Every structure is written in C-alpha cells, then in structure tokens.
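Hi there,

Here is the structure I promised to pass on.

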Amino acid sequence: MKPSQFRAWRKSMGYKQKEAAERLGLKKRMIQYYENGNRDGKPVEIPKSVRLACYALSNGIADFDGEKTTENSTLAE
C-alpha cells in the first residue's frame, strides 16, 4: 500500500486522521507518517497488520476476538 492509497482509503471511509488512528489502534502521528511516506526524512512502510486492518474496516469489521467479529456499527466510540 502506497501513502497515496492509504490517504485515499482513509478519505473513502470518511475518517479524519484522528478517527483513522483510533480505529486502527495507532497514534495520529503514525497516520501522518503513513500518508507522507516518511518519518524524519526516512521512508516509512505501512505494515501488513495495518493494511489488513484497513481491509477489515473497509468490509465492516471493527474487531475480532479470536472467535467472532464485531461490526463497525456496533463498535463503541
């Protein structure tokens, strides 16, 4: 996933950076690094776990406890 794809994903979900960070379990600063593609001038790769989490959120899955999923609409804010 390229930085531009990550940004496009976030915007397609209607998330502000802060909300994307909350949904992905990250700090807002990491969202900014992923969207810029660098951190302090060094390239930043979006980890597979984050890419998979983006996919899950895109498909309505907010959480997985090892047995069942929680849908986005039922996730406590």
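A strand here is a DSSP run of E with at least two residues, and strands are numbered from the N terminus. Please keep in mind that this is a predicted model.

Let me start with the pocket. The largest pocket holds about 170 Å³ of space. Strand 3 (61-64) contributes the most to its lining, with four residues. Helix 2 and helix 4 also each supply at least two residues of that lining. By type, the lining has seven nonpolar residues, one polar and two charged.

How do the axes of helix 1 and helix 2 cross? Helix 1 (residues 3-12) and helix 2 (residues 17-24) have axes that come within 10 Å and cross at roughly 95 degrees. Helix 1 is therefore roughly perpendicular to helix 2. On the helix 1 side the contact is made by F6, W9 and R10, and on the helix 2 side by Q17, A20 and L24. Four of these contact residues are nonpolar, one is polar and one is charged.

Finally, helix 3 (residues 28-36). Which of its residues are buried? They are I31, Q32, Y33, Y34 and E35. These buried residues pack against helix 1, helix 2, strand 1 (38-39) and helix 4 (48-58). Helix 3 is followed by G37, which has a positive phi, near 80 degrees.

Best wishes

Terms used:
Residues numbered from 1 in each chain as written. Predicted model: local features only at pLDDT ≥ 70, side-chain atom pairs only at ≥ 80, totals over all residues. Heavy atoms only, no water. Axes fitted to C-alpha atoms, helices over the stretch in contact; angles between N-to-C directions. Parallel < 35°, antiparallel > 145°, perpendicular 65-115°, else oblique. Contact = heavy atoms within 4.5 Å. Nonpolar A, V, L, I, M, F, W, Y, C, P; charged D, E, K, R; others polar. Buried < 20%, exposed > 50% of the residue type's maximum accessible area, 1.4 Å probe, protein only. 1 Å grid on protein atoms, 1.4 Å probe; cavity = no way out; pocket = protein on both sides within 12 Å on 5 of 7 lines; lining within 4 Å. Points joined across faces, edges and corners; volume = space filled by probe spheres on them.
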